Amino acid sequence: MKKKLIIISGPSGAGKTSIVKDIVDTQANLEFSISACSRSKRNSEKEGEDYYFLTPEKFKQRIKDNLFLEWEEVYKNQFYGTLKSEIARISNLGKNAIFDIDVIGALNIKSQFPSNTLSIFIMPPSLKILQERLSYRGSENLESLQKRLSKAKEEIIKSKEFDKIIVNNNLQEAIRQTRISIKIFLEK
């Protein structure tokens, strides 16, 4: 059986990371695909668990060496991507990969593996609530908050390209809906 890919995407602050963490903790057949990034590590994040943190120079070198399945420069000198070695690691475990990645990366992977991929877009209830969530996180200054909100508007337009859209009005309900979608997909 060919392993399947589950992509959870959406704007920053929509709740995708919380949803993915809950699902990975409760479903033994899924393994979290750890993305690489070139941004600074947040206090709560761990190297090799939340992300592989690389300098922009090291990230660019890995791009040149064709080591990424997908990558994107999300903001100036802030790169995010999925290393090919990460997919091999998960495959060697005999598990299906679950991703928490940005919209462009999600659509890129979906285009490469259309029949083996389920793409789920986590939609915030509104831009106002998204702004509140990002502000509450305390990791954004005014400039980065405005950048994220502007990007969110662009990402929401692309939501129609996903297999499933789940509005995160209530985190537990969004997790439940995501679980059901994944279960149905894995049983196909």
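Biologist: Is the crossing of H1 and H7 left-handed or right-handed?

Modeller: This is a predicted model: local features need pLDDT of at least 70, side-chain atom pairs count only at pLDDT 80 or more, and totals for chains, interfaces and linings use all residues. Residues are numbered from 1 along each chain as its sequence is written, and side-chain values use heavy atoms, without hydrogens and water. A crossing is left-handed if the near helix is turned anticlockwise from the far one by less than a right angle, and right-handed if clockwise. The crossing of H1 and H7 is right-handed.

Biologist: Which class of angle do H1 and H7 make?

Modeller: Helices (H or I, at least four residues) and strands (E, at least two) are DSSP runs, numbered from the N terminus. Axes are lines fitted to C-alpha atoms, for helices over the stretch in contact, and angles run from 0 to 180 degrees between N-to-C directions. The axes of H1 (residues 16-26) and H7 (residues 171-187) come within 10 Å and cross at roughly 55°. Angles under 35 degrees count as roughly parallel, over 145 as roughly antiparallel, 65 to 115 as roughly perpendicular and the rest as oblique, so H1 to H7 is oblique.

Biologist: How many charged residues does the contact of H1 with H7 have?

Modeller: Contact means heavy atoms within 4.5 Å. Among the residues that meet are Asp-22 in H1 and Arg-179 in H7. Asp, Glu, Lys and Arg count as charged; Ala, Val, Leu, Ile, Met, Phe, Trp, Tyr, Cys and Pro as nonpolar; the others, Gly among them, as polar. By class, the contact has six nonpolar residues, three polar and, as charged ones, two.

Biologist: Which strands stand at the edges of the sheet?

Modeller: Two strands pair if DSSP finds at least two bridges between them. Five strands form an open, parallel sheet in the order S2-S7-S1-S8-S9. Each edge strand has a single partner strand, so one side is left without a neighbour in the sheet; these are S2 (30-32) and S9 (164-167).

Biologist: What is the bridge partner of Phe-121 in S9?

Modeller: S8 (residues 117-123) and S9 run parallel, joined by four bridges. In S9, Phe-121 has as its bridge partner Ile-165.

Biologist: What is the phi of Asn-77?

Modeller: Most residues other than glycine have a negative phi. Asn-77 lies in the loop between S5 and S6 (78-83). Asn-77 is not a glycine, yet its phi is positive, at about 60°.

Biologist: What does Asn-77 count as by relative accessibility?

Modeller: Buried means under 20% relative accessible area, exposed over 50%, partly exposed in between (1.4 Å probe, protein chains only). Asn-77 has 32%, so it counts as partly exposed.
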